[in-house]
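Please look over the model below before reading my comments.

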Amino acid sequence: MSETRMMGFLEHLGELRKKITVSLIGLCVTFVIAFNFSEQILRFLMFPLKYSLDFSVTKRYMYFAPHDKLQNMKLVFLSPAEGFWMNMKIAIVAALILALPIIFQQLWSFISPGLHKKEKKYVVPFVLVATLLFLVGAAFCFFIVLPFAMSFLLTYKIGDFMMPMLSIGQYVDFCLKFILAFGAVFELPIFIIFATRMGFVTPQTLAKNRKYAILIAFVIAAMLTPTPDAFNQSLMAVPIIILYEVGILASRIFRIKETV
């Protein structure tokens, strides 16, 4: 019996290695594509430095207003290789985002043997929803959170005796870190569905402990958001709470379908 378990374990590792290999091949292909456009992507990453999100009381809508937070200065690089490595980092993150459908498909095919037969047909919805949630989280960070953060951090109490002079490495690291963090956080409904399907927790337990989830959402937002004000923390905490509720609702729907 122990030999049977060992064979199963080795086969499991072999299958995992195949999935990782396919994902890495997809990542390498998208990296080549992304690296050719890294300069254009870097220009796009400058958006939070050039625009601020503003609200028009008379027109009653939010819009992006031109606001050069660098005061006509350019980003600088402080070592000979910093500019090159920033292009590499940008290409790696862009390649990861482009390869998400491949990575999620490989993840699903790895865990699908443990699912019921009727659940295996959800591979396309899983790949699409997981990819879409990550993109929505990344876009929410880039277009909403980062412009607010840059407006606060680069203008707060600088008076007439300070001016921002950012290095390209510090700025790109700052943006990419938060874009990836928000994209990962927006996968919360997927995580909740899998946790309930695997029996780690029930939708009823999650709903019963909703108040703790709200507290944890604000704690996570306080740690991840780049500014200390409550408004920016709410910008991340509120979507987490909404995603938490979406995860509970989706888990209940799956349970109802299972009993039908």
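1. Basis. This is a predicted model: local features need pLDDT of at least 70, side-chain atom pairs count only at pLDDT 80 or more, and totals for chains, interfaces and linings use all residues. Residues are numbered from 1 along each chain as its sequence is written, and side-chain values use heavy atoms, with hydrogens and water left out.

2. Confidence. The chain's average pLDDT (the predictor's confidence in each residue, from 0 to 100) is 85, and 92% of the residues score at least 70. Strand β1 (residues 51–56) has the lowest confidence, with a mean of 77. Helix α4 (residues 82–98) has the highest, at 94. Helices (H or I, at least four residues) and strands (E, at least two) are DSSP runs, numbered from the N terminus.

3. Core. The largest nonpolar core has 51 residues; L49, L75, Y171 and V172 touch the most other members. Helix α6 (residues 123–153) supplies the largest share of this core, 11 residues. Such a core is a set of buried Ala, Val, Leu, Ile, Met, Phe, Trp, Tyr and Cys residues joined through side-chain atoms within 4.5 Å. Buried means under 20% relative accessible area, exposed over 50%, partly exposed in between (1.4 Å probe, protein chains only). Beyond its neighbours within four places in sequence, L49 has contacts (heavy atoms within 4.5 Å) that include L75, M150 and Y171.

4. Helix α7. Residues 168–185 form this helix of 18 residues. From first C-alpha to last it spans 26 Å, close to the expected 26 Å, which is 1.5 Å times one less than its number of residues. Its buried residues include Y171, V172 and C175.

5. Aromatics. There are 17 aromatic pairs in the structure. The F84 and W85 ring centres are 5.5 Å apart with planes at 70 degrees, so this pair is edge-to-face. Rings of Phe, Tyr and Trp (its six-membered ring) pair if their centres lie within 6.5 Å; planes under 30 degrees apart count as stacked, over 60 as edge-to-face and the rest as tilted. F84 is partly exposed at 45%, as is W85 at 47%.

6. Cysteines. How many disulfides are there? The count is zero, taking a disulfide as a pair of cysteine sulfur atoms within 2.5 Å. For C141, the nearest cysteine sulfur is that of C175, 7.8 Å away. C141 is buried at 0% relative accessibility, and C175 is buried at 0% too.

7. Q106. This residue lies in helix α5 (residues 100–111). Q106 counts as buried because its relative accessibility is 10%.
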